[in-house]
Amino acid sequence: MADRNFIPVAAPTLGGNERAYVLECLDSTWISSSGRFLDAFEADFARFCGVSHAVAVNNGTTALHLALTALGIGPGDEVIVPNLTYIASANAVTYCGAKPVFADCEPLTLNLDPDCIEARITPRTRAILPVHLYGHPADMDRIMRLAARYDLHVVEDAAEAHGATYRGRPVGSFGACATFSFYGNKIITTGEGGMVVTDDATLAARLRLYRGQGLDPQRRYIHPVVGFNYRMTNLAAAIGLAQLERIDTILAARRQVAAWYAERLAGIEGLRLLGSQPWAVPVPWLVTVLLTGGGACERDAVMAALLADGIDSRPIFYPTHQQAPYHEETCYPVAETWSVRGLNLPTFEAMTEADVAAVCASLGRAMAKCAAALRSAEQNHVHESHARRIRVI
Ligand SMILES: *Cc1c(COP(=O)(O)O)cnc(C)c1O
């Protein structure tokens, strides 16, 4: 790492063929939205996901919008979205003129709880949009069974989970289609970028149609639908292809980082790591810890203490129904309970064991301080009520 005095939450590593491939784009002048890197990145990414088609786009949010549009989601439709996710999952539904309907998560992994889906299905429901949160697969068998029973599409938001598997099968290969993000902090990056993958050739053709301004592939300047310009550049794909060539190394390094965290956090009281289901092989996107006591105030104090030691962290996502555009009074107890207690720790390929040790030591000190503060607050409370009781007597 360049700056030893600061540990960021995420940092891409671009030490493979990224530079050579980008220079090839410049030297050949193939810098726009066609070229050999786009073709290769799409083909190799489809293979990586175990599906037959991949459509590269300019970010993970447009990937979601494109997927929902190509499936015909529109005004009057409802899409079930986990409450605890990045805002883009819900926004993509809104862009279609449809309504995101939220479902709560389960407490072990904070992924969409299949038990919470059925109650949210109405005659307007058209799709379920599970998110593989923080790199852990959602419970796809149960979600696919529900979708089949109610005749709903499934779009997997796999923006955080490149390479994760569910019962041995890669995420992205379950739904009608799935979307990925290649933002700078994701498992692999293209700067900004995204991908939609599918096994359905007809859907793949629709995705390509809508991605490229609705242009009829046979007739130039004939546009049978209102499409978008959501294309990825060959420059971005050049970076993506080089990243994908190294993804096994990247994932192995991230797994090592997660293992170091697990080892060193085990002894710290008052927190737990986000759990993992026996049927999942997650990928560590951002290692996440949950404070088992306290609340938002303690979580924010812990984050401030980490920052004072030169360590960046993030609060986990806030429940979407608490965001202004989606405000609801409904209670989503699991999302509400854990969202205020969760934080993401630095997780990236180039992290060393010393970096992880520094984060854990800082976290340990912060937790001890929090525990002491909570104890003294409790004691004050006891004293106060004791004093009150004496006065009453
Ligand atoms: C990052 C992310 C997105 C959006 O991807 P962008 O490339 O930033 O547009 C969508 N969904 C989830 C769950 C994400 O984490």
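1. Basis. The model is predicted: local features need pLDDT of at least 70, side-chain atom pairs count only at pLDDT 80 or more, and totals for chains, interfaces and linings use all residues. Residues are numbered from 1 along each chain as its sequence is written, and side-chain values use heavy atoms, with hydrogens and water left out.

2. Helix 9. This helix covers residues 296-308 (helices are DSSP runs of H or I with at least four residues, numbered from the N terminus; strands are runs of E with at least two). Its 13 residues should span 18 Å at 1.5 Å a residue, and the end C-alpha atoms are 18 Å apart, in agreement (the expected span is 1.5 Å times one less than the number of residues).

3. Faces of helix 9. Glu 298, Arg 299, Val 302, Met 303 and Leu 306 are its buried residues (buried means under 20% relative accessible area, exposed over 50%, partly exposed in between; 1.4 Å probe, protein chains only). Just after helix 9, Gly 310 has a positive phi of about 80 degrees.

4. Lys 186 lies in the loop between strand 8 (177-181) and strand 9 (194-198). Lys 186 counts as buried because its relative accessibility is 11%.
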